[in-house]
Amino acid sequence: MARAIILMADSLGIGAAPDAEQFGDLGANTLAHLLQAYSEEKGEALDLPNLSKLGLIAACEAAGKETCIVAQNIEPSAAWGYAKELSSGKDTPSGHWEMAGVPVLFDWGYFPNTNPCFPQEFIDELCKRAEIPGILGNCYASGTTILEQLGEEHMQTGKPICYTSVDSVFQIAAHEQSFGLDKLYQVCEIARALLDEMNIGRVIARPFIGTSSADFIRTGNRRDYSVLPPSPTVLDKLANDGGEVISIGKIADIYAHQGITQKHKAPGLLNLLAKTSEVMDSAPEHSLIFTNLVDFDEKFGHRRNAVGYAEALAQFDAFLPEIIAKLKADDLLLITADHGCDPTAEGTDHTREYVPVLAYTPVMNNTPLGERQSFADIGQTLAQWFDLDATQYGEGFKAEIKA
Ligand SMILES: O=P(O)(O)O[C@H]1O[C@H](CO)[C@@H](O)[C@H]1O
Ligand SMILES: [Mn+2]
Ligand SMILES: [Mn+2]
């Protein structure tokens, strides 16, 4: 019996994927570029000793073919590699589901980048069923910028702010008090039902508080309404085998609550890490602790805040010894990402990148894992780790790391 802990660093890409050009992402490299921006602004290199020891810098330099500016580049004492994505999109569910053994090989529905961008019949039906007087937005937008532009009008009119991006998403922002959180969730559920036939991956509730465009701020009550993964993931396999699948943060929402046996939420990077550490004390054998570290993406990647991203990464690095110290002999620690979000790229969208595949266990062979052909190699490795039936996709690497 064994356990596994996945720390999903949301958006920590490590170099443009071979198909990046098709996504307009030639030259993207989230990690290398945030390190560069940090050293330019601060006049000194960021120190990531623990991530470096786990092979993050080695993986980035191998995948992205760019030098990473770090204070010390320590020889890895873990298994490290990098993976490219088979799925057709560079969105969160695609990256996650592929990592759990189910790549998204169909095309999601997307809204056109026009103004307005949503079909009128859909909006009419949404307003009728939700009993709302209309919508604001109806365009591609950054979720924080659109609050500054339309938040006050929303409070005056009661019309929710609806927007999208290059991802397959329909996002609804509304004020927690003036519109009401429950009402926002209801509108999202109605939208979810209407958007299934358009194959839209997620409807996302984006509640916010504040009194004017000067102080609007999004709250932790975000909720994602995802379609179901197209087939059972390794999470379902483990849960069906009597294992515990413990979601920390957004994981349960991303997997549409499939194959999850326990859920914990916590606000912000350090609280998510602290919750992970706490859960490690009690999680039984045959359990997966799966944590999504969303701040990297939401607070820094999409906001194109490279220095903030770097500082958050240093906080993550500093927390790692506590997690590593709690690992038992048969525990597997995996660190990876679901896509890139290069904070130095144009626009505010994700970037199509390689992701790190870092694996550590107290009793192991330290070995380079090389270029992995799919994120699904992680799911297959988990299937091996927990003695489950093999997943359809992915090459597992348990034999390479197990001493
Ligand atoms: O700008 P915000 O609202 O953070 O939106 C981002 O969050 C969405 C879901 O991850 C992405 O599609 C991206 O557009
Ligand atoms: Mn993500
Ligand atoms: Mn994102």
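The shell around ligand 1 draws at least three residues from each of domain 1 (3–105 + 230–401) and domain 2 (120–226), with domain bounds that come from an automatic or database domain assignment. This is a predicted model, in which local features need pLDDT of at least 70, side-chain atom pairs count only at pLDDT 80 or more, and totals for chains, interfaces and linings use all residues. Residues are numbered from 1 along each chain as its sequence is written, while chains are lettered from A and ligands numbered from 1 in the order in which they are written.

Let us look at that shell. Around ligand 1 sit Thr-92, Ser-142, Gly-143, Ser-165, Asp-167, Val-169, Gln-171, Ile-204, Glu-298, His-302 and Thr-348; a residue is near a molecule or strand if its C-beta atom, placed from the backbone, lies within 6 Å of it. By class, the shell holds 2 nonpolar, 7 polar and 2 charged residues. Here Ala, Val, Leu, Ile, Met, Phe, Trp, Tyr, Cys and Pro count as nonpolar, Asp, Glu, Lys and Arg as charged, and the others, Gly among them, as polar.

Now to the two domains themselves. Their C-alpha centres lie 29 Å apart, and 13 residues of domain 1 are in contact with 12 residues of domain 2, contact being C-beta atoms, placed from the backbone, within 7 Å. The side of domain 1 that touches domain 2 has 4 nonpolar, 4 polar and 5 charged residues.

Strands (E, at least two residues) and helices (H or I, at least four) are DSSP runs, numbered from the N terminus, and two strands pair if DSSP finds at least two bridges between them.

Axes are lines fitted to C-alpha atoms, for helices over the stretch in contact, and angles run from 0 to 180 degrees between N-to-C directions.

The axes of helix 1 (residues 30–42) and helix 12 (residues 306–325) come within 8 Å and cross at roughly 105°. That makes helix 1 roughly perpendicular to helix 12, a label for angles of 65 to 115 degrees. From helix 1, His-33, Leu-34, Leu-35, Ala-37, Tyr-38 and Glu-41 meet Ala-306, Val-307, Tyr-309 and Ala-310 of helix 12. These residues divide into 8 nonpolar, 1 polar and 1 charged.

Finally, two backbone details. The peptide bond from Asn-115 to Pro-116 is cis, with omega near 5°, and Pro-116 lies in the loop between helix 4 (92–99) and helix 5 (120–130). Ser-11, in the loop between strand 1 and helix 1, has a positive phi of about 85° although it is not a glycine.

Conventions:
Parallel < 35°, antiparallel > 145°, perpendicular 65-115°, else oblique. Contact = placed C-beta atoms within 7 Å.
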